[in-house]
Amino acid sequence: MNPIRTVTVVGAGTMGPGIAQVAAQAGYAVRLADSVPGAAARGFERIRKNLDGALERGKATAESREAALARLTASDDLDTAARGADLVIEAIPEKLELKRELFSRLEKILPPPSILATNTSSLSVAAIAGAVSNPERVLGMHFFNPVHLMKLVEVVTHPGTADATRDAAVAVARRMGKEPIVVKDSPGFASSRLGVVLGLEAMRMLEEGVAGAEDIDRAMTLGYNHPMGPLRLTDLVGLDVRLSIARYLHQTLRSDHYAPPAILARLVAEGKLGQKTGQGFYTWTEP
């Protein structure tokens, strides 16, 4: 296994810029790529804003901020951004066929031993790995939003993942300042399988009028010492993302625990997706 020096992050939506940021802060040369014109550039500006905030709060120095930005490039051209990378982390929408198509394309650009990682929060890593002829170099690296603040990374191994691939991903996560856990490829892994149940039950309580959104969240932050309540977290993750995950887990695990509440489907249909649209279970002044 070659040492990891260059990391390409594909997808500049909710998760990609955060992953690119922590990779650059860890000292990797980082390329942020997105096929939507201008998306990667906008992701780069989000990273700059995050680093500016860290500087203002005393969490970064001017030198570390400039060094991280100097390691980052943004590109609309996937082939150019991926070529020569030691690790590619995919952070595109949670649709299996999209991810399989991307991995099949990446295989043509990047020969082994480059590692191909998916940031999926619930989809089958084995199904994604099935799109390439060398599945031993494929695994999951599931980051959490906001990436620059959340410590956990799930390193998800399917039956064909090579030990060297797993060990390299664990080392990368630790260098990024994260705490990796290794889990096997199972619907929802560890975090989504547990967290989605909590989030969906909070939505059912809101539907039933048990309490308001803020008070339901306070029950978990004050009563169970969670850093954030499940409804506010859903707004950060994206209601559309949570709905997609819930439907997938409901279908694959065949448990009513994961049946999406009507309020979630309704808000998504209305375009109220959380922080990114300015409205979800909360109103956000900065989408």
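Predicted model: local features only at pLDDT ≥ 70, side-chain atom pairs only at ≥ 80, totals over all residues.
Local features need pLDDT of at least 70, side-chain atom pairs count only at pLDDT 80 or more, and totals for chains, interfaces and linings use all residues. Residues are numbered from 1 along each chain as its sequence is written, and side-chain values use heavy atoms, with hydrogens and water left out.

**View 1. The whole protein chain.** The chain holds 12 helices and eight strands (DSSP runs numbered from the N terminus: helices are H or I, at least four residues; strands are E, at least two). Its radius of gyration is 19 Å, close to the 19 Å that the globule rule gives for 287 residues, so the chain is as compact as a globular protein of that length (taken over C-alpha atoms; the rule is 2.2 Å times the number of residues to the power 0.38). The C-alpha trace spans about 55 × 45 × 35 Å along its principal axes. Of the 287 residues, 50% count as buried (under 20% relative accessible area, 1.4 Å probe, protein chains only).

**View 2. Helix 1 and its cover.** Helix 1 covers residues 16–25, and nine of its 10 residues are buried. Among them are Ile19, Ala20, Val22 and Ala23. The cover includes strand 1 (6–10), strand 2 (29–33), helix 2, helix 3, strand 3 (72–75) and strand 4 (87–90). Just after helix 1, Gly27 takes a positive phi of about 105 degrees.

**View 3. Helix 1 against helix 2.** The two axes come within 9 Å and cross at roughly 55 degrees (axes are lines fitted to C-alpha atoms, for helices over the stretch in contact; angles run from 0 to 180 degrees between N-to-C directions). That makes helix 1 oblique to helix 2 (under 35 degrees is roughly parallel, over 145 roughly antiparallel, 65 to 115 roughly perpendicular, the rest oblique). Pro17, Ala20, Gln21 and Gln25 of helix 1 meet Gly43, Arg46, Ile47, Asn50 and Leu51 of helix 2 (contact means heavy atoms within 4.5 Å).

**View 4. Helix 2 against helix 3.** Helix 2 (residues 39–56) and helix 3 (residues 62–70) pack at an angle of about 170 degrees, with axes 10 Å apart. The pair is therefore roughly antiparallel. Helix 2 contributes Phe44, Ile47, Arg48, Leu51, Asp52 and Leu55. Helix 3 contributes Ala62, Arg65, Ala68 and Leu69. These contact residues divide into seven nonpolar, no polar and three charged (Ala, Val, Leu, Ile, Met, Phe, Trp, Tyr, Cys and Pro count as nonpolar; Asp, Glu, Lys and Arg as charged; the others, Gly among them, as polar).
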